Protein chains: 2
Amino acid sequence: MAASQEERFIAEHFEKLSARLPGAFSLRDDCAELVPAPGQAFIVKTDPVVEGLHFLADDDPADVAYKALAVNVSDLAAKAARPFAYLLAIGLPERPEAAWMERFTTGLAEAQEAFGLTLAGGDTDRINGPASITVTVFGECPVGRMVPRGGARPGDRVYVSGRLGGAALGLALRLGQHGSDDWPISDRAAAAALARYLRPEPRFGLGAALRAYATAAMDISDGLVKDLDRMCRQGAAGATGAVVRFDELPLFTGLSETLEAGHGEAMQLVTAGDDYEILATVPAGQADAFERLAAKGGITVSAIGEIVTEPGVRVIDAAGNAIGFAMQGFDHFDRKF
Amino acid sequence: MAASQEERFIAEHFEKLSARLPGAFSLRDDCAELVPAPGQAFIVKTDPVVEGLHFLADDDPADVAYKALAVNVSDLAAKAARPFAYLLAIGLPERPEAAWMERFTTGLAEAQEAFGLTLAGGDTDRINGPASITVTVFGECPVGRMVPRGGARPGDRVYVSGRLGGAALGLALRLGQHGSDDWPISDRAAAAALARYLRPEPRFGLGAALRAYATAAMDISDGLVKDLDRMCRQGAAGATGAVVRFDELPLFTGLSETLEAGHGEAMQLVTAGDDYEILATVPAGQADAFERLAAKGGITVSAIGEIVTEPGVRVIDAAGNAIGFAMQGFDHFDRKF
């Protein structure tokens, strides 16, 4: 009996992606064997990306694959864990064409190279619904040293890596949302924004600084305010809150300069999510050391506010007045139960 | 700001399922921390179940949840790994009602209890498609001792655990397929068959015997012949084949006695899949010891044939003649690429 279609499909498209990992058994067994290095724990996370929610039908399959890995690896980066391996469950409405698979696995290979991880196993199904790609990532981290989400204390400084709003800007420009056709954005800035939406950059370089100094960290997937609020509600001192200074927010290049928008509109982009930057809290006395170690890892961090005892997240202007904003402005991310 | 809908949803329905596992962080972090015991590897596997393919819209959500775990844990049982933890990614077309969630998490709790594993983390999404439940399981096994799929050698005996054909019989009866309304099956046998379809029983009890004596093992998810053929094509001596004696097949109770069918029709049920019994190969000289250790674990095993050098799987009758059968008879499982 000849090899089944599924076996040929896996051998042709995926086996090469598992080559570096003996425990993947060339994807020819039902299970993979994964062993963390001595003294290391596995930090694990699973997150699906679904067509129509997290990517669009006409996206380059290489970008879809890259993003499916990036959004999971971003969580590892926020926990100061080193990417190691991943499982991949794909559901597609029909058998993909060879050219699609070629682009898709090219994106996986590029992400593997960029993030330093290897395919360990997975599953393929034909489903009667939108394409869905579920990645489960495994990272390594010294046992008991994972940077938690819930360790923030009043007085801690709130930091964010990189720049915010790029992904939402890129998506708005691409879809012509919110009158973005009229925004005076240069082609170069627009391309950079779209790249942020398509290919998030997990911030591994921040790992050493996070492990040394952060009381709490998480990646920003659902927008700055939503995710900071989540972090605060699980603070080490019980529920806490945060004050964020709008003027300190590191807006994505091309956003602050060219978007003739009020606070509210800029906040919509900043709170729309998909930036995959890292949010971290650091005791004030260790802020300088944190910034130095972050810079050593090649990551720019910005102090954007403080953890306070009063619950909730308040964004204030230079005069100290609260800025109101409509957090549901870019509500394509309102996809949770 | 109040807890988000998603946070309440997780706290209300899922947090209790993670209670025994400190590394799950009560499902309040983005990642889980999992550490195998000293000398143990993690054996991992991911497999989605999708409405319309693996379960039906009017199935009891408790059965759906139980099966989503059982089909994954069954792979661990075939590798002689002990279930430890799992991740759960759920995609549902709309926010489920409280009663549905109650039944769903009851099924998860029952499976956790039966299989000895704990929820470590996951994700919930609202999707524009059929309900989909993707489980990733973690089992423990001594490093380097996972029972492989590809170790069968010519001369090895082929064993199968339990009885075959029950799941396909149960589904056929339930859907009234293939004229099953006219089959002279007792109510009791029909109920048992349906239970096999709804709640597969992973064969943990076979772990010690597999690790001690099996050259190869896998669970039967896609039908005896398909899966045995897969196993043979990755044999230790290069591609091998198998001869199976029809008269030795342990047919599901109620199938052999009451189904007035020829070989071909019985083979359709046996090759239809979803039985989740274990297929194993054992050197002839160790067959007795294997059977004794299996019995000690409470698992009945049947020697159904031998591994041979000629590729392909041949099923023969008592006279040694090959039995023809239409493997695609119950083709609702033809869902792979």
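**Figure 1. Ala242(B) has Ile307(B) as its bridge partner in strand E10(B).** Welcome to a predicted model, which these legends visit in a series of close-ups. Ala242(B) and Ile307(B) mark the place where two strands of chain B meet: strand E8 (residues 241–245) and E10(B) pair in the antiparallel sense over 4 bridges. E10(B), which covers residues 301–308, also pairs with strand E6 (residues 157–161) of chain B, again in the antiparallel sense, this time over 5 bridges.

**Figure 2. Chain A as a whole holds 9 helices and 11 strands.** Before moving on to further details, here is the chain in outline. How does the radius of gyration of chain A compare with that of a compact globule? For 337 residues, such a globule would have a radius of gyration near 20 Å, and the 21 Å of chain A agrees with this. Along the principal axes, the C-alpha atoms of chain A fill a box of roughly 75 × 50 × 35 Å. Buried residues make up 56% of the 337 residues in this chain. Among the contacts in chain A with a separation of 6 or more, 88% come from residues 24 or more positions apart.

**Figure 3. Chains A and B meet in a contact that takes 59 residues from chain A and 60 residues from chain B.** Which element gives the most to the side of chain A that touches chain B? That is strand E2 (residues 40–50) of chain A, with 9 residues. By class, this side of chain A has 26 nonpolar, 15 polar and 18 charged residues. E2(A) also pairs across the chain boundary: 3 bridges join it to strand E1 (residues 32–34) of chain B, and the two run antiparallel. Within this pairing, Phe42(A) is found opposite Leu34(B) in E1(B).

**Figure 4. An open sheet of 5 strands runs in the order E4(A)-E3(A)-E5(A)-E2(A)-E1(B), with mixed pairing.** A handy landmark here is Gly91(A), which stands opposite Ser132(A) in E5(A).

**Figure 5. Another open sheet of 5 strands has the order E1(A)-E2(B)-E5(B)-E3(B)-E4(B), with mixed pairing.** Here the edges belong to strand E1 (32–34) of chain A and strand E4 (118–126) of chain B; each has a single partner strand, so one side of each has no neighbour in the sheet. The twist in this sheet averages 20 degrees from one strand to the next. Strand E3 (residues 82–92) of chain B runs antiparallel to strand E5 (residues 132–142) of chain B, with 9 bridges joining the two. To get your bearings, look for Ala85(B), whose bridge partner in E5(B) is Phe138(B).

**Figure 6. Helices H2 (residues 61–78) and H3 (residues 98–115) of chain A cross at roughly 35 degrees, their axes coming within 6 Å.** The crossing of H2(A) and H3(A) is right-handed. From H2(A), the residues in contact include Tyr66(A), Leu69(A) and Val73(A), while those from H3(A) include Trp100(A), Phe104(A) and Phe115(A). The residues of this helix contact divide into 13 nonpolar, 2 polar and 3 charged. In chain B, the axes of helix H2 (residues 61–78) and helix H3 (residues 98–115) come within 6 Å and cross at roughly 35 degrees, and that crossing is right-handed.

**Figure 7. Helix H7 (residues 224–233) of chain A has 10 of its 10 residues buried.** Because of this burial, H7(A) is largely enclosed by the rest of the structure. Which residues in H7(A) are buried? They include Leu224(A), Val225(A), Leu228(A) and Met231(A), and also Lys226(A), Asp227(A), Asp229(A), Arg230(A) and Arg233(A).

Notes: Residues numbered from 1 in each chain as written. Chains lettered and ligands numbered in written order. Predicted model: local features only at pLDDT ≥ 70, side-chain atom pairs only at ≥ 80, totals over all residues. Contact = placed C-beta atoms within 7 Å. Nonpolar A, V, L, I, M, F, W, Y, C, P; charged D, E, K, R; others polar. Pairing = 2+ DSSP bridges. Axes fitted to C-alpha atoms, helices over the stretch in contact; angles between N-to-C directions. Rg over C-alpha atoms; globule rule 2.2 N^0.38 Å. Buried ≥ 20, exposed ≤ 12 C-beta atoms within 10 Å, placed from the backbone. Left-handed = near helix turned anticlockwise from the far one by under 90°.
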